[in-house]
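Hello,

Here is the structure I promised to pass on to you. Please have a look at it first, and then read on for what turned up.

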Amino acid sequence: MKKREFLIITLGIAMSLGIEWGSEKKESHASEENRPQFFTLAMHQQKGEEKPVSDLVFSPFIRQGKLIYEKNCAYCHALDGTGQNAIGQFILPHPRNFTDPVETRGLTEARMVTSIREGREGTAMPAWEGILSEEEIRQVIAYIRKAFMKQ
Ligand code: HEC
């Protein structure tokens with residue numbers, strides 16, 4: 001009898017813990033729910049492969065840009081700005097390598113604004129107008145230029 005009670009209580013605790021873990025898991029994935037699954041997968045792969053840039057050296061304006069970049073751009077352009085992650089390698093033409101001075105020659109701030117707003121026709125680069133505000137576009141450009149183009 002005692003043994004059975006013990007078993008029931010243990011089972012009860014295990015089940016309630018299980019339910020809690022279940023709901024926590026759901027919550028932590030909620031923010032990624034609206035992202036197509038392969039993007040989510042790529043983000044997870046990236047985390048192990050690349051070293052994210054430390055944000056201690058950035059101003060609040062640029063740190064905001066870093067958040068925007070990591071949320072919206074990194075799955076194609078890679079966390080380290082090279083475009084050489086699971087997805088970037090497969091996209092043709094490849095996302096530009098922001099850390100390569102040759103590939104970024106002529107990539108002025110003004111050109112970046114236009115490319116980000118309107119996208120790049122005939123490539124995978126989407127248009128962000130209406131998704132990112134003008135200020136967010138400025139912030140993400142400031143981050144790309146500072147962290148990857150070293151300007
Ligand atoms: C679905 C993949 C994808 C996503 C997401 C993406 N890009 Fe791109 N991006 C590309 C590709 C591919 C190119 C190369 C286009 C080309 O060769 O003209 C590119 C090019 C660019 C360029 C250079 C454009 C030029 O004028 O040469 C900038 C700047 C840029 N992306 C910024 C961003 C920013 C900022 C974000 C996030 C807000 C972003 N991209 C999200 C795929 C992507």
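**Helix α3 and its surroundings**

Please keep in mind that this is a predicted model. Helix α3 covers residues 60–72, 13 residues in total, and runs 18 Å from its first C-alpha to its last, close to the 18 Å expected at 1.5 Å a residue. Its buried residues are I62, G65, K66, I68 and Y69. Seen down the axis of α3, these buried residues fall within an arc of 165°, so they line one face of the helix. As for partners, the buried residues of α3 pack against α4 (74–77) and α6 (134–148).

**The nonpolar core**

The largest nonpolar core has 17 residues, and Y69, A74, V140, Y143 and I144 have the most contacts inside it. Two or more residues each come from α3, α4 and α6, with α6 giving the largest share, seven residues. Setting aside neighbours within four places in sequence, I144 is in contact with Y69, G81, F98 and M149.

**Around the ligand**

There are 20 residues around the ligand, of which C73, C76, S115, T123 and M125 come nearest. By class, this shell has 13 nonpolar, four polar and three charged residues. Both α4 and α5 (109–118) supply at least two residues of the shell, and α5 gives the most, with four.

Key. Residues numbered from 1 in each chain as written. Predicted model: local features only at pLDDT ≥ 70, side-chain atom pairs only at ≥ 80, totals over all residues. Expected span 1.5 Å × (residues − 1). Buried ≥ 20, exposed ≤ 12 C-beta atoms within 10 Å, placed from the backbone. Arc of directions from axis to C-beta. Contact = placed C-beta atoms within 7 Å. Near = placed C-beta within 6 Å. Nonpolar A, V, L, I, M, F, W, Y, C, P; charged D, E, K, R; others polar. Core = buried A, V, L, I, M, F, W, Y, C linked by C-beta atoms within 7 Å.
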